[in-house]
Amino acid sequence: LQLIIILSAGWEVHLYNSLKLRIPGDVMIGAMFPVHEQPTVKTAFSRRCGKVREQYGIHRIEVLIQALNKINQNPNILPGVKVGVDVRDTCWFEPVALEQCMDFIRTANNYSENICTPPGSSEFYVEKPIAALIGPGSSEMSKQVQQVLQIFDIPQIGYSATAASLSDVIEYRTFIRVVPSDALQVKVIASILRFFQWTYVILVNSQGLYGEKGILALKNEMQSLGICAENELSIDNKETHRAFILLARQLFNPSNKAKVVVCFCQGETVGGIFKAMTDLQLTRKGYMLIGSDGWADRTDILGAAAQGGLSIRIRSKSLPEFNEYFMNLTPQKNTWNPWFKAFWEQKFDCSLNASVHSSKKQCAENSSLCSLNNDLTLRSSTFEQDNKLGLLNTSIYTVALALHKVHSIVCGEGFVGVCDGFLPIDGDMLRSEILKTRFYDSNGDLMYFDKNGDPPGRYWNILQLKVVKQRSKACCWICKTCLPNERVIASDQCEKCPLGYKPTENRTECTKIEPIYPHWSRPLPLLSIILASLGVLLTMFGLSVFLIYRNTSIVKASTRELMYVMLLGMLFAHASNFVVIWKPVVIGCLLSRVFPGLAFSMLYGALATKTNRIARILEGSKRIYLKKQRFLSLTAQLVITALINLVEVTVVVVMLFLEPPGPELRFFNSFTMARLICNTTRNGTVIPLAIGMILIVVCTCYAIKTRNLPHNFNEAKFIGFTMYTTCVLWLAILPIYLGGYETEFALSMAVSLSATIAFLILFIPKIYIMLLHPEKNSRSAFVTAKDIRCHIGVLQANISQKHKNG
């Protein structure tokens, strides 16, 4: 663990991961900022984030540090109580934000006041739970994070999440924000359209909670005012430039009658549209863009394409004292922000540790942003504050003042320091005090909250760039566009194509939809086939070796019949990958439901029987039995294994009867595309695997129970390693499967990997001895320990004989 000393504030910062920063304190406040740009569609799965963001990331971290310094130095706020912070990078990507949120919860669950720390360790060793969370930035991320936080009564303060649905206190119980709801913004946009008499427009939105809910509310408001939409489009802000080019061609098609485009979009979406407009030379063509607050004054995306547009900006003044503070930072002095050096090197295209072979120049030593921006030879760009810093500052003081009130209630007015009962912070009490908070923010406005956790609705102004007033034609003069799955049957009539058909390019006829289905040529199926093929080859190799050396000591000592059953189960596990990429037919769908469950029952049923026998032998070595233990013979072990597999087969047959397998067409993209899949429900997949999961738990418990066997029984150790690794694998796979991402491949590959783990740990060591060290394949290496042999063999026989004589 690396400790970094903050000289200017006297704080220590512990950087334990590149996406985390923690400043310890008596009370911890969590914060989520998009320090890096979001991954693209191609890099999203790998969680590979983009460049460091100066305004959204570095500015927000530094204003948080500056505000905490002031709060900790203010004797009137939490006297004697140090406020710390735990900052996480979300990369403006929902899965990353959710992972960071789960890490907050994991910290809270693992925390204990009585934890033992190594001698000489600092307070960084113990991670304290957060009392409240500030952020994340977008509405979609805030929604997902809130669904976790409210379970643990942790208040969440939003500084830029504006989606109207977040005002629902029943669904988002602990969410509070300092930014107005989109419900007010929708009315502002509709009023602009009515004022300029733009009654026919094109609507476009970012995919996600912010854009989809916002555009839906705007459509309802427009309908009440008699304003119509010629077209409605949406796009993911992580899409490629090519996708934005296609969107721009649709938006600004010369055949469109509407010349006003209303974009309820995040900044990244608008940036993609503007770049596409520039590449297509669509700037200054007389189009009017009206934007929401998501891109109000984003100077990093506004350009020539924005001229003639209108955008709404939320009231948030800049912080004058922050400018001087930030402009005097240097990489040498700023040791509390782990992302600052990367930002510095990116901004000035230099290296802080340049070598003679480096392609980048050495960064100027001990130079601040102020000095470098004054140097014309090194100037990167003019400094401009992030427009959300005022709101973020308000969020920080909202939490601090509410914590101060909780401190006064629990410890008493005027109490200095942390009293008994103050920690851990009561989440319900803190939320209640946040709702009661009233103070004047950096804008000089009175900040307070209604019962839904929303502040007063204040908008700074309507930004405009060379506004051109236009009046579009009324709705009744324009032709109606048919839906994507409709064909034209007359000059003014549309007709839906039958299910399974889509209109031709000229929309005069309907043509049959060619469904898509998994194919080996795709990357993910190809990967699963390669891994499964390797697994089959390894398993067949292991089975051959065991058959050849079946009469040797190491094979006999391993209970070879059970090992054969396990190898057969591994073959079924790897075979499940092959049936998944078949074109869905009845037999393929049937096998995809039979193989995984049967593979688990054979593999872990045999393993559970084996570990049960070892545990009972160990138990017998500690007691004196008057009768020989039952069901320890090979025949009994095989019967028990067969019964376990019989139960699995019964469950599979019942589920196949209740849910007959077969292919199914699922339509999407407005019924113009179809995917051919098996009609397997979640129950049809999970229930047959339930027995296997139970067997995994049983094997793991027995592995723990027999972990202290004598070295002669080192088989138990290998079983233990197998089960621990398998449990970790399934704990990692289950969130992916339940999340709905490529579920069939995730499940089949998890089953195949489970079999591979068992083979590598249980079989490879034995194969190694048989092939490379045959001198170890002797009876003496596998003879039972003397004390156990005597106890369960000779000693029990003597006791039984005496019992008969008596």
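Which residues does the UniProt annotation "transmembrane region" cover? According to that unreviewed entry, they are residues 526-549, 561-579, 585-607, 631-658, 685-704, 716-739 and 745-769. UniProt positions are given here in the numbering used for this model, feature names are shortened, and annotations may be inferred rather than shown by experiment.

Before going further, a word on the source. This is a predicted model, in which local features need pLDDT of at least 70 and side-chain atom pairs count only at pLDDT 80 or more, whereas totals for chains, interfaces and linings use all residues. Residues are numbered from 1 along each chain as its sequence is written, and side-chain values use heavy atoms, with hydrogens and water left out.

Let me begin with the whole chain. Its secondary structure comes to 21 helices and 24 strands; helices (H or I, at least four residues) and strands (E, at least two) are DSSP runs, numbered from the N terminus. Of the 806 residues in the protein chain, 49% are buried. Buried means under 20% relative accessible area, exposed means over 50%, and partly exposed lies in between, with a 1.4 Å probe and protein chains only. Among contacts with a separation of 6 or more, 70% are between residues 24 or more positions apart, where contact means heavy atoms within 4.5 Å.

Two of the annotated spans may be examined individually. Residues 585-607 are 96% helix and 0% strand, and the end C-alpha atoms of this span lie 33 Å apart. Residues 745-769 are 100% helix and 0% strand, with the end C-alpha atoms 35 Å apart.

I turn now to helix packing. Two packed helices are described by the angle between their axes and the distance between the axes. How do helix H15 and helix H17 cross, and within what distance do their axes come? The axes of H15 (residues 560-580) and H17 (residues 634-658) come within 10 Å and cross at roughly 20°. Axes are lines fitted to C-alpha atoms, for helices over the stretch in contact, and angles run from 0 to 180 degrees between N-to-C directions. H15 and H17 are therefore roughly parallel to each other; angles under 35 degrees count as roughly parallel, over 145 as roughly antiparallel, 65 to 115 as roughly perpendicular and the rest as oblique. The crossing of H15 and H17 is right-handed. A crossing is right-handed if the near helix is turned clockwise from the far one by less than a right angle, and left-handed if anticlockwise. On the H15 side the contact is made by Glu561, Leu562 and Val565, and on the H17 side by Leu634, Gln637, Leu638 and Thr641. By class, this contact has four nonpolar, two polar and one charged residues. Here Ala, Val, Leu, Ile, Met, Phe, Trp, Tyr, Cys and Pro count as nonpolar, Asp, Glu, Lys and Arg as charged, and the others, Gly among them, as polar.

A second pair is H4 (residues 182-195) and H5 (residues 209-224), whose axes come within 9 Å and cross at roughly 50°. H4 and H5 are therefore oblique to each other, and their crossing is right-handed. Residues of H4 in this contact include Asp182, Lys187 and Leu193, while those of H5 include Tyr210, Gly214 and Glu221. The contact of H4 with H5 has eight nonpolar, two polar and three charged residues.

Next, a residue in helix H18 (residues 682-705), namely Thr700. Is Thr700 buried or exposed? At 12% relative accessibility, Thr700 counts as buried. Leaving aside neighbours within four places in sequence, Thr700 is in contact with Met723, Tyr724 and Cys727. Thr700 and Cys727 are 27 residues apart in sequence and 8.3 Å apart in space, C-alpha to C-alpha.

Finally, the backbone. Most residues other than glycine have a negative phi, and most peptide bonds are trans. The Gly135 to Pro136 peptide bond is cis, with omega near -5°, and Pro136 sits in the loop between strand E6 (130-134) and helix H3 (139-149). The bond from Leu423 to Pro424 is also cis, with omega near -5°. Leu78 has a positive phi, near 50°, and at 2% relative accessibility counts as buried. Asp153 has a positive phi of about 55°, and at 26% relative accessibility counts as partly exposed.
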